[in-house]
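Hi,

Here is the structure I promised to pass on to you. Have a look at it first, and then read my notes below.

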Amino acid sequence: MTSLLAIAVVSAGVLGYEVLLMRLLAIVQWHHFAYMVISIALLGFGASGTFLALAQAWLRPRFVLAFAANAALFGISALVGFALAQRLPFNPLALVWEPRQLLYLLGMYALLTVPFFCGATCVGLALIRFGDRIGRVYGTNLVGSGAGALGIVLILFQLTPPDSLRLTSLLGGVAAALMCLGGGQWRRSSVTWGLAAAAVVLPLAAPASWTELRPSQYKGLSLALTVPGTEVANQASSPLGLVTVVASPLIPLRHAPGLSLNNTVEPPAQLGVFTDGDGLSVITAFDGRSEPLAYLDFTTTALPYYLLERPAVLVLGAGGGADVLQALTHGAAAVDAVELNPETVRLVKAAHGDFAGGLYSHPEVRVHVAEARGFVAGAAARWDLIQIPLLDSLAASTAGVHGLSETYVYTVEAFRVYLRHLRPDGLIAVTRWLKLPPRDSLKLFATAFEALEREAAPEPARRLALIRGWSTTTLLVKNGAFTADETAAIRTFAAARSFDVAYVPGLRAEEANRWNLLDAPYFFDGATALAGPRRADFIARYKFDIAPASDDRPYFFDFFRWRALPEFVALRSRGGAGLIEWGYPILFATLVQAVGLSVVLILLPLWLGRRWLGLAPAPARWRIGAYFLALGLAFLFVEIAFIQRFILFLSHPLYAVAVVLAGFLVFAGLGSAAAPRLAARSQFLSRMSGIEIAVLGIALFALAYLALLPPLFDRLLALPDPSKVAISLALIAPLGFCMGMPFPLGLTRVSARLPQFVPWAWGVNGCASVTSAVLAPILAIHFGFTAVVAIAVLLYMTAALVFRAPLGDPRP
Amino acid sequence: MPGPPAAAADPYAAERMQMIQTIQAHARFTRSARAGERLDARVLEVMGNIRRHEFVPKRLRNRAYADRPLPIGYGQTISQPFIVALMTDLLAVEPGHTVLEIGTGSGYQAAVLARLSSRVCSIEIVPELGRSAAKRLERLGYGNVETRIGDGYYGWPSCGPFDGIVVTAAAGHVPPPLIEQLKPGGRMVIPVGGPFTTQQLVLVHKQADGRVTTRQLLPVRFVPLTRGRR
């Protein structure tokens with residue numbers, strides 16, 4: 001029992017560390033590099049299989065020592081590895097110019113792989129040691145992992161990321177101590193106890209400098225803090241991000257992106273609000289007077305207020321409140337402000353409420369802490385204006401780093417939801433950074449156009465307008481056709497601010513390129529083509545992917561096209577580095593690295609040592625390899641695809657990840673524990689094996705959910721959050737339960753017939769899981785998440801098929 | 001216009017020549033708003049004489065003439081030489097001109113402008129960078145560069161009005177005082193992008209009647225549409 005507890009604790013530690021590492025690296029570097037580094041570091045899971053295959057004969061009789069040592073090393077390396085990784089001069093922004101950055105990147109991989117290697121070795125050792133109770137061991141591992149995933153999210157609400165790191169690291173020591181307590185012949189080993197004690201003491205006693213976060217000097221917050229007099233006024237941490245409020249009394253921030261060159265008013269005092277050290281938004285000093293805020297009339301986002309009288313406004317992504325202020329100063333009758341991060345709202349409302357002039361307590365403002373899309377979908381109200389301001393920083397936008405981020409705010413289905421929540425003649429206004437050649441704006445235009453078509457709106461081309469300043473664009477989508485008076489008002493608004501009208505019904509090319517001159521009127525040409533019969537051809541021939549994003553392929557920020565890559569690469573050193581959209585290439589590079597390293601570090605050593613290890617006969621080896629490869633790929637395909645499905649229902653990416661991940665792991669753990677009984681009964685009940693019954697269950701539930709979940713979610717979306725979480729868990733339970741079975745059932749068969757294959761199977765499964773996490777979004781970008789689930793079902797069926805026949809005789 | 005410093009016995013002379021050739025080669029793939037496919041020969045001549053290695057940290061001197069941006073500390077970089085050449089070309093600086101620079105950084109851009117104009121006024125917000133750049137420019141003999149540490153928002157009225165302004169710090173918006181201090185007919189160049197990547201260049205042009213237009217430029221010539229098969 002104590003041994004099982006030790007397995008659960010180390011499993012919780014490993015998964016908690018994985019989730020935490022994503023947070024830590026997102027703060028010190030950038031999210032997309034965090035994703036790549038962690039994906040590769042997880043290969044430690046696979047490498048542990050290789051290690052165990054090579055060393056199992058020696059380790060088996062020393063199980064307690066080996067487990068405790070690895071658990072302790074997990075804890076120690078989790079802390080020390082991160083401290084050292086932070087000290088590497090890795091600068092991902094310079095990768096394009098500096099090959100040596102690849103060396104630093106390799107160093108980060110190496111340092112961060114160690115904890116995963118040690119943690120996975122603990123579980124692999126337990127699977128070898130308790131070969132007769134694989135279901136219980138694997139089940140404990142999954143339940144522990146689920147608890148870790150959920151636990152770290154809860155902990156991050158209470159502790160800072162560095163303190164959370166200490167706590168996660170401590171779990172290694174606790175697991176080691178538990179194994180020592182419950183262990184057999186090694187109970188009195190001073191080495192074991194010494195390691196356990198070190199792993200417990202280190203997280204408590206390590207100097208603050210070890211865990212102190214050192215963000216890249218190129219992040220927005222670091223740059224802001226180089227300005228004299230600038231200091232951190234407040235900081236709040238949650239799993240959604242580290243929110244830092246910065247005061248700069250000597251040299252004001254004056255943040256007003258995309259301001260017209262005709263503006264003459266200096267913005268009033270502001271406090272900067274950074275999330276994870278980047279993505280600046282501001283809290284603006286507000287004394288109830290509109291004169292100091294006159295500059296807000298000189299941005300492209302002000303346009304809708306010239307077409308609407310005292311509108312009811314919904315601001316999606318309110319941040320520090322600049323767009324709420326703009327609405328108030330332009331006579332909005334009421335403003336609903338939606339912000340995802342509760343810490344941001346708390347800072348504007350309470351901590352800096354006086355500075356903000358009580359903006360979020362204003363009688364005409366209602367603040368909602370919610371995810372934008374889910375809020376609109378579940379709302380009964382309708383608005384005159386749905387304002388979607390700039391949600392990301394210019395630096396992030398120009399670096400193309402959002403390529404891998406799924407977003408449900410800019411999809412065709414999202415626009416349909418917005419349209420249904422507009423009052424007659426109401427407007428959706430979406431603002432993006434201006435990029436050359438046009439990408440975001442044209443993709444938005446195409447997305448809105450398709451949404452209008454699917455809503456059967458008459459004459460969609462007459463319901464769209466696009467203006468551009470020198471650094472931002474704003475797209476208007478109207479619930480009705482623009483009238484001649486309105487298009488005239490748009491022209492007048494733009495001309496007064498030296499903005500260009502890029503599209504309104506009836507616009508001529510020569511009118512579209514007056515103030516902010518381009519070599520050609522690219523925005524007008526693009527919008528006109530997208531609103532006309534040549535739309536499909538234009539999208540197909542464009543060098544960036546501007547096809548509308550959908551809920552099934554929610555990659556709005558992915559503009560990458562393979563066929564344009566050679567041209568981008570050739571232009572890279574000639575000043576064209578900004579043309580490359582990095583999201584997809586990084587994802588693809590990660591996949592190549594994951595597969596390559598899997599082969600070199602795990603599969604190759606096992607293949608080379610196959611005779612020494614006694615891993616013959618070949619047919620059984622290949623079948624075992626194929627089985628665990630298919631399971632490793634399929635489990636994460638299903639998990640990742642359903643996390644995406646549940647994000648829309650739970651209206652919150654973090655809750656969706658925590659609930660779905662924990663749900664899958666815990667119910668799979670229960671399924672794993674129940675697997676031996678299923679296998680025993682299946683022999684009496686039918687001619688199907690336990691594996692086949694489990695795979696049948698997976699196929700039925702997964703495919704049924706694909707069809708049933710969207711309409712079900714539509715009906716249940718308005719329910720309160722706790723009910724939605726309970727419903728989600730109830731839906732995940734049967735699928736997760738079935739998914740927990742094939743691995744222990746297969747491994748039990750391997751353990752009974754060819755026990756020396758157990759670590760090999762563990763290693764193959766580990767590699768496949770890592771590859772799967774990278775492959776799933778690539779498949780989703782190309783084919784959608786529905787296809788990812790379908791492929792997973794096929795993989796499960798393939799696995800069942802290759803394990804139909806007996807594995808052969810036990811080794812002599 | 002002060003003459004260029006002596007290039008004799010300069011171990012980096014060959015690398016500098018190579019840098020100029022690279023810039024010329026790149027220029028064939030761009031289209032400057034000013035001079036078609038060729039950059040102003042004076043800009044290249046000046047850059048061919050300025051000891052760029054003096055403007056980069058000592059440990060990076062061996063890469064000073066590579067056509068790439070280099071870190072100079074405090075989250076700032078010295079721009080890729082090709083981008084410096086392009087921005088300078090866009091400013092169309094003439095002898096007799098007064099130029100304002102917001103964001104002195106290492107001082108390299110100011111040095112280039114100093115050799116083409118009569119007077120350069122440069123403001124840096126990071127005190128450490130501003131002080132070291134001022135010392136460096138003085139030591140290297142750029143007597144027509146005046147530097148100041150502080151807020152660039154209000155420009156430098158006593159130094160202006162300006163024929164050209166280069167805002168090398170990333171700007172969320174263009175401060176109105178800078179537009180005011182730009183002479184009619186004057187030009188302002190704003191690079192847009194991150195520290196190691198220039199996404200696009202914005203050229204602000206103040207017309208004789210005071211109206212302001214911008215020109216949005218890519219550093220490279222790039223057509224977003226793929227030609228059809230026919």
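Predicted model: local features only at pLDDT ≥ 70, side-chain atom pairs only at ≥ 80, totals over all residues.

**Where chain B meets chain A**

By the rule used, four salt bridges cross the interface of chain B and chain A. Polar contacts across this interface come to 13 residue pairs, counting those with both residues at pLDDT 80 or more.

Which parts of chain B supply at least two residues each to the side that touches chain A? They are the strands β1 (70-73), β2 (76-78), β7 (182-194), β8 (197-206) and β9 (212-217), along with the helices α3 (81-91) and α6 (176-181). Sorted by class, that side of chain B has 30 nonpolar, 20 polar and nine charged residues.

As for the extent of the contact, 59 residues of chain A and 59 residues of chain B take part. Between them the two chains bury about 5000 Å², and 61% of this lies on carbon and sulfur atoms. Within chain B, the residues that lose the most area to chain A are B:Gln216, B:Phe222 and B:Pro224, which together make up 14% of what that side buries.

One last thing to look for is a strand pairing between the chains. Strand β13 of chain A (residues 516-517) runs parallel to β9(B), and two bridges join them. There, A:Leu517 has B:Arg215 of β9(B) as its bridge partner.

Definitions and conventions: Residues numbered from 1 in each chain as written. Chains lettered and ligands numbered in written order. Heavy atoms only, no water. Contact = heavy atoms within 4.5 Å. Buried area = accessible area lost by both parts, 1.4 Å probe. Salt bridge = Lys/Arg side-chain N within 4 Å of Asp/Glu carboxyl O. Polar contact = N/O pair within 3.5 Å; in protein donor to acceptor, adjacent residues only side chain to side chain. Helix = DSSP H or I, 4+ residues; strand = E, 2+ residues; numbered from the N terminus. Nonpolar A, V, L, I, M, F, W, Y, C, P; charged D, E, K, R; others polar. Pairing = 2+ DSSP bridges.
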